[in-house]
There are 2 protein chains.
Amino acid sequence: VVETRDGTIAVASAFPGHQEAVQDRDHKFLSKAVEEAYKGVDCGHGGPFGAVVVRNDEVIVGCHNMVLNNTDPTAHAEVTAIREACKKLGKIELSDCEMYASCEPCPMCFGAVHLSRIKVHPLPYHSSSGTIWFIESLINNLVECCNAEAGVRSQGGSCYCHWIRRLHC
Amino acid sequence: VVETRDGTIAVASAFPGHQEAVQDRDHKFLSKAVEEAYKGVDCGHGGPFGAVVVRNDEVIVGCHNMVLNNTDPTAHAEVTAIREACKKLGKIELSDCEMYASCEPCPMCFGAVHLSRIKVHPLPYHSSSGTIWFIESLINNLVECCNAEAGVRSQGGSCYCHWIRRLHC
């Protein structure tokens, strides 16, 4: 436990390098979510979004947006991942699981996350997107795509470019 | 067009009895949604919620909560009805359809309604439930159930009692 300059108390990392290990783990699973987004675009299954459900450091399911393939507007990556994980684990609540998503979930997906009790780690494209709708998120992401930062954050952005290019082929 | 006492302009009904006809229509489809809720409870498929999708005065699908049956926390009546209607009509947007639901949709279902562009006519249990979560809605509905009004509104409430009785059998 460390007292910081402004008088607040902070809990130090459990061991040296703990923070880096957490970042590496997050990076690994977020990258898998972005990979899923690419896979979905390549298959023409729907929009450029991916999500993975993780339990005890093991990927339970990896899914992407299936809206077009399933003719189902509710088949977003996150909803699909929750449904598949519940089916695989044989239960309707996922409080012992985490979700990594390639984009901040839309309100429908936030609702599904809440109902399933899963913890979510979205790739943070837009700080206030918890309250915005899918289409606004998409526009913001496209804008961000043009100014993408290095690393996994830009991978998600690039996936939009990849999608847009495919749509125009 | 009629000017009212406070100076505002109101549009008169298209023909005498128009308002009653609209109410009869709403009552008919809301009753079907409540019937679905009962059916779901009787089958043990999930919570006491039903929804129907209507196009040109024809019921396209009637669904109930399938959460337990499908081991799927997203299988609320409204989401299930949207999925089934899209499958049946072969398209992902339902702007030419209306949904009648036995309860005000939870945030996930509101999201699904928004994404599918369907118009929704919920049975209004709780005036502010657009922002509340499923479980709060359930509690409110259980309270309302004890003070249920006459007609279709109380049918929805009674369905909760029916559900609770079954849970305790």
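Modeller: Let's start with Lys39(A) and Glu36(A), whose side chains meet in a salt bridge, 3.2 Å from N to O (a side-chain nitrogen of Lys or Arg within 4 Å of a carboxyl oxygen of Asp or Glu). Both residues sit in helix H1 (residues 18–43) of chain A, 3 residues apart, which is about one turn of the helix. Helices (H or I, at least four residues) and strands (E, at least two) are DSSP runs, numbered from the N terminus. Glu36(A) is buried, with a relative accessible area of 9%, whereas Lys39(A) is partly exposed at 45% (buried is under 20%, exposed over 50%, partly exposed in between, with a 1.4 Å probe and protein chains only).

Before we go on, please keep in mind that this is a predicted model: local features need pLDDT of at least 70, side-chain atom pairs count only at pLDDT 80 or more, and totals for chains, interfaces and linings use all residues. Residues are numbered from 1 along each chain as its sequence is written, chains are lettered from A and ligands numbered from 1 in the order in which they are written, and side-chain values use heavy atoms, leaving out hydrogens and water.

The structure holds 14 salt bridges over all chains. One of them, in chain B, joins Asp57(B) and Arg25(B) at 2.4 Å, N to O. This pair links distant parts of the chain, 32 residues apart: Arg25(B) is in helix H1 (residues 18–43) of chain B, and Asp57(B) is in the loop between strand S3 (50–55) and strand S4 (58–64). Asp57(B) is partly exposed, with a relative accessible area of 47%, and Arg25(B) is partly exposed as well, at 23%.

Now look at Arg83(B) and Asp72(B), which meet in a salt bridge of 3.6 Å, N to O. Arg83(B) lies in helix H3 of chain B and Asp72(B) in the loop between helix H2 (67–70) and H3, so the pair ties together parts that are 11 residues apart in sequence. Both of these residues are buried. They also belong to a network of salt bridges that links Asp72(A), Arg83(A), Asp72(B) and Arg83(B).

Helix H3 of chain B holds another charged residue, Glu78(B). Glu78(B) is buried yet has no salt bridge, and the nearest side chain of opposite charge, Arg83(B), is 11 Å away (Lys and Arg count as positive, Asp and Glu as negative; His and the chain ends are not counted). The residues that Glu78(B) touches include Ala51(B), Met99(B) and Cys109(B), not counting residues up to four places away in sequence (a contact means heavy atoms within 4.5 Å).

In chain A, the buried residues of H3(A) include Glu78(A), Val79(A) and Ile82(A). The buried residues of H3(A) pack against strands S3, S4 and S5 and helix H4 of chain A, together with helix H3 (77–89) of chain B. Just after H3(A), Gly90(A) takes a positive phi of about 70°.

How far can you trust this region? Among the elements of chain A, H3(A) has the highest mean pLDDT (98), and helix H5 (residues 134–146) the lowest (44) (pLDDT is the predictor's confidence in each residue, from 0 to 100). Where pLDDT is low, the predicted coordinates should not be read in detail.
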